[in-house]
Amino acid sequence: FVLFSMKRKPKPSTLLAGRLPGTPPAPTIEVVPKRQLKIRWQLAEDVVATAVALRSIGGTWQVYNGGTGRLGPRGSQPVLAPCREVVLDNMDLSLSYEASVCFHSPAGCGPHSPPSPPTAP
């Protein structure tokens, strides 16, 4: 009675199957009432989540945390598909902002998009 054979290769994980997402198009940013910014993007096929990054022009990139709804350091929880937009509150609208997105598939993370056109201060 043999539980497993060392000669057989293990099956690859289904989570690693597939391919990495390609480069997404640049997202858009819209200034909305009450000091808010709305960031929108187009989803691609096989995308399970999106990492959303934002910075003021010349500033440091911060990542939107899909769990808390706030900006934070890298490694934040991505926004789960099929969501295609986020709204950020209490933004300093005297600054110009740009955004970038990165798609996650079951195979991993793809490259970041080019930055969005900046918002006007």
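Me: Which residues have the most contacts inside the largest nonpolar core?
Reply: Happy to start there! A nonpolar core is a set of buried Ala, Val, Leu, Ile, Met, Phe, Trp, Tyr and Cys residues joined through side-chain atoms within 4.5 Å, and buried means under 20% relative accessible area, exposed over 50%, partly exposed in between (1.4 Å probe, protein chains only). The largest one here has 16 residues, and those with the most contacts inside it are I29, I39, W41, V52, L54 and V86.

Me: Which strand gives the largest share of this core?
Reply: Strands are DSSP runs of E, at least two residues, numbered from the N terminus. At least two core residues each come from β2 (36-40), β3 (49-56), β7 (85-88) and β8 (97-105). The largest share, four residues, is supplied by β8.

A quick note: this is a predicted model, where local features need pLDDT of at least 70, side-chain atom pairs count only at pLDDT 80 or more, and totals for chains, interfaces and linings use all residues. Residues are numbered from 1 along each chain as its sequence is written, and side-chain values use heavy atoms, leaving out hydrogens and water.

Me: Is P117 buried or exposed?
Reply: P117 lies in the segment after β9 (108-112). Its contacts (heavy atoms within 4.5 Å) include P27 and Y97, leaving aside neighbours within four places in sequence. Because its relative accessibility is 56%, P117 counts as exposed.

Me: How far apart in space are P117 and I29, C-alpha to C-alpha?
Reply: Along the sequence, P117 and I29 are 88 residues apart. In space, C-alpha to C-alpha, the separation of P117 and I29 is 7.7 Å.
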